[in-house]
Amino acid sequence: MPDASAQPTTDADRAIPGPLAGYTTLRTGGPAARIVAAGSADEIVRAVRTAAEPVLILAGGSNVVIGDAGFPGTVVLVRSRGVRVIAEDATSVTVRVDAGEPWDDLVATTVANGWSGLECLSGIPGSTGATPIQNVGAYGQEVAETITGVEVYDRIQGTRQVIPAADCGFAYRGSIFKYVDRWVVLSVDFRLTRSPLSGPVRYAELARALGVEVGDQVPLADARATVLRLRAGKGMVLDANDPDTRSVGSFFTNPVLDRATYD
Ligand SMILES: Cc1cc2nc3c(=O)[nH]c(=O)nc-3n(C[C@H](O)[C@H](O)[C@H](O)COP(=O)(O)OP(=O)(O)OC[C@H]3O[C@@H](n4cnc5c(N)ncnc54)[C@H](O)[C@@H]3O)c2cc1C
């Protein structure tokens, strides 16, 4: 399987033939008519704008099921990388993260830098650009709590814009970006708190594993290590040598009930 993370310099180089199974965590997926690896926001926009429909945006491949028939059009692989501090003050730092940045690398970086806000989202596979789409969340945290804006390419208008968090329609495992082909996420801004401690632990299982009460705060590294340990115990940390971890994560979501139904 060719290395799709390579940064080819010409469109000819970017044409990577081969089955899509090599690009998905389920290891399923037949061939695509064309596969283009895009290494920057400009390249992503150009690839999407110039490709004939149908077009599939594919990043970490950890939340897709592609059949043996493959995909009849162009697959644009999101491979842009970069984390930049765009604003900071005494209590917070805002980072702009390119869509293709591997999510868990970003979480590890924030924990190492003493930036609190993403630590409970450790060990989730995939790309940063995909996280706003279903408002990725786990162990009591979700990205909607720290995202301040999402830079997108609008495939209908053919324009680039930053959508402020308030207009992203974030909900439990949802946003305006989900189930529509209109938006291509190019980068995501997160405002994180300068703190050696996690946010208050909200998830009972995590609190138990940490030996603290719900609502307590713990060192960022402890939160990350404990989340990774809990995930690994459920086969939820991808391991290339362990076929049991070939998955798209949990496909269950928590039921959300109104008060009357709950009663
Ligand atoms: C072991 C495991 C554990 C997981 N745990 C969790 C969890 O705890 N919480 C959770 O919320 N999710 C979890 N997931 C699901 C998954 O990791 C996330 O949804 C992740 O954000 C998907 O990222 P990706 O880059 O792999 O997306 P892909 O699988 O490449 O794409 C998913 C969808 O998003 C679209 N997309 C991807 N990138 C972009 C972009 N830049 N712009 C526009 N559209 C785009 C694709 O077209 C596709 O429709 C888990 C998955 C696995 C395999």
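Modeller: Let's start with an idea you'll need: a polar contact is a pair of N or O atoms within 3.5 Å. Keep in mind that this is a predicted model.

Colleague: Okay, so which backbone atom of Gly60 lies by the ligand, and at what distance?

Modeller: A backbone N or O atom of Gly60 sits 2.8 Å from one of the ligand's oxygen atoms, so it falls inside that cut-off. Ala59 also has a backbone N or O atom 2.8 Å from a ligand oxygen. With Ser127 it's the side chain: an N or O atom there is 2.7 Å from an oxygen atom of the ligand.

Colleague: And how much of the ligand does the protein cover?

Modeller: Think of the area the ligand has on its own, 980 Å²; the protein covers 89% of that.

Colleague: Which residues are closest to the ligand?

Modeller: There are 30 residues around the ligand, and the closest are Ile57, Ser62, Asn63, Ser127 and Arg231. Sorted by class, that shell has 17 nonpolar, eleven polar and two charged residues. Domain 1 (11–78) and domain 2 (83–194) each give at least three residues to the shell.

Colleague: Which element gives the most to the shell?

Modeller: That's β11, with three residues.

Colleague: What about the largest nonpolar core: which residues touch the most other members?

Modeller: A nonpolar core is a set of buried residues joined through side-chain atoms. Here the largest one has 37 residues, and Trp103, Leu118, Val150, Phe190 and Leu206 touch the most other members. β11 turns up again, with the largest share of this core, five residues.

Methods
Residues numbered from 1 in each chain as written. Predicted model: local features only at pLDDT ≥ 70, side-chain atom pairs only at ≥ 80, totals over all residues. Heavy atoms only, no water. Near = heavy atom within 4 Å. Polar contact = N/O pair within 3.5 Å; in protein donor to acceptor, adjacent residues only side chain to side chain. Areas by Shrake-Rupley, 256 points an atom, 1.4 Å probe, with all protein chains shown as cover. Helix = DSSP H or I, 4+ residues; strand = E, 2+ residues; numbered from the N terminus. Nonpolar A, V, L, I, M, F, W, Y, C, P; charged D, E, K, R; others polar. Domains from an automatic or database assignment. Core = buried A, V, L, I, M, F, W, Y, C linked by side-chain atoms within 4.5 Å. Buried < 20%, exposed > 50% of the residue type's maximum accessible area, 1.4 Å probe, protein only.
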